[in-house]
Amino acid sequence: MARRAQPLSPALALGWGAAALLLALTLGTILAVAWRAEAAARLGAADWAAIRFTAWQALLSAAISIALAIPAARALARRRFRGRGVLITLLGAPFILPVIVAVLGLLAVFGRAGLVSGLIAPLGLGPLSIYGLQGVVLANVFFNLPLATRLILQGWHAIPAEHFRLAAQLGMGPAEIARHLERPMLRAVVPGAFAAIFLICITSFAVALTLGGGPRATTVELAIYQAFRFDFDLGRAALLALVQFGLCAIAAAAALIVAVPVAFGAGLDRTVQRWDAGGRAYRWGDAALLTLVAGFLLLPLAMVAAGGLAALPGLPASVFEAALRSLAVALASTALTLGLGIALASAIVRLRDRPRRAGFLEAVGYLSIAASPMVIGTGLFILLFPVADPVALALPVTALVNAAMSLPFALRALIPAIRDVSETYGRLSESLGIGGWTRFRLVTLPRIRRPLGFAAGLSAALSMGDLGVIALFADPDQATLPLQLYRLMAAYRMEDATGAALLLLCLSLALFWIFDRGGRVGTDT
């Protein structure tokens, strides 16, 4: 006799519900875009130019980031100095830095009226201009050089200390160690890092909006925005959105395919000692390189801080109102991210005996990596337009999309933590009859506080500085702080813009610190 159907547990029901919502946000909006694009005319010359520029600037940005990151990571790997840990931590800061703030800082350093232009003026050299391709690439390198350095540095750390000890015993110098140890590692690590950065550069909407523009410097996302906001050509915007999704999907697939693990074997977890540091010239070269990298990252932020302090007291009320909207959106987005992340991670762990279902849920959770906020926003507008006013729903839609875009990072932190709790305390909880919400509250939650706090801080900071979907939907009375900052820059109110940038920077970092620190209160670290 066939077994009766078993009821779905609440944890699995929540996990499948979260997966359904994510599928609707990603594949559902893409289907809506595809349906709308059927009636669109074919792509014009300007659209093909935008596609070529998108690929070209992403290739250039990724190549330059990797080329600079390799010597920087090598210098960090073979040097021990005071402040090294702080510098490595600093390399993670641009990831949570609001893009619009960094752009303003880069303008203060490299713009026509910037610091570098002022320094080269006595030499008879003209002022610099960072608008166009050079500006987009410069901003992308600013954001992705630290990421590339961290990824490649992990490859150096994966080389066991015993390999360097054996190389020293064999009398190998820097050239031999580079040939036998470092280059094989780089062949394994660099392609994956390049593909990941290429994917990030494809979706750099805020960079293209502020530093690009014009026929020769328009990305696909910027073309979607222009077709949407200025021409209200939904068919063309939809067709461009499909192209954008295709580019992102190809880049994401390439990142997964070429990410080959470094196969150096296991070591004894000893501290790495390097005997190939070279002479004084090598030491001075590494020091100069790391100083330039630190200056490149810190100087734009220092310029924003220096210029913004004086402007903060005189900021218009609209800036503070926009800041409150951004805080509300960031907190709502964080709550959604955590809710979706916990539901998906718990269901994935519960389905560990059914790897296909668990793999499907995990793939759905990471699906937003291949989707652009502009694509999702375009699809949501197409779906909402016949039944509601999309402008009135600008803030909730922005929070929802931001949550979906932050979810992959939350899952990377939550899945291992919840799996460890389940493997360690699962059988004991079942033997004591502890299940459901009680088990989550008493057993799981206290032991995932650190990754939960980190995921919340990351989601809040990313949402606080986002300038994506809100640019499609918002009217002048519903601007978030990044959008208000962009409008101040467009109106050439640079003093107010610098003050607003400092306010945005402080709020983003404060949100990350509060959540991350809150997750570590009461723990050992």
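Buried here means under 20% relative accessible area, exposed means over 50%, and partly exposed is in between (1.4 Å probe, protein chains only). The views come from a predicted model, where local features need pLDDT of at least 70, side-chain atom pairs count only at pLDDT 80 or more, and totals for chains, interfaces and linings use all residues. Residues are numbered from 1 along each chain as its sequence is written, and side-chain values use heavy atoms, with hydrogens and water left out.

**View A. Serine 406 in helix α17.** Helix α17 spans residues 394-431; helices are DSSP runs (H or I, at least four residues) numbered from the N terminus. Serine 406 has 5% relative accessibility, so it counts as buried. Beyond its neighbours within four places in sequence, serine 406 is in contact with Thr337, Ser459 and Leu462 (contact: heavy atoms within 4.5 Å).

**View B. Alanine 328 in helix α14.** Helix α14 covers residues 317-350. Alanine 328 counts as partly exposed because its relative accessibility is 46%. Between alanine 328 and leucine 395 there are 8.8 Å from C-alpha to C-alpha, although they are 67 residues apart in sequence.

**View C. Helices α5 and α7 crossing.** The axes of α5 (residues 99-110) and α7 (residues 133-157) come within 10 Å and cross at roughly 120 degrees. Axes are lines fitted to C-alpha atoms, for helices over the stretch in contact, and angles run from 0 to 180 degrees between N-to-C directions. That angle makes α5 oblique to α7 (under 35 degrees is roughly parallel, over 145 roughly antiparallel, 65 to 115 roughly perpendicular, and the rest oblique). Val99, Ala102, Leu106 and Phe110 of α5 make the contact with Leu138, Ala139, Phe142 and Phe143 of α7.

How values were computed:
Helix = DSSP H or I, 4+ residues; strand = E, 2+ residues; numbered from the N terminus.
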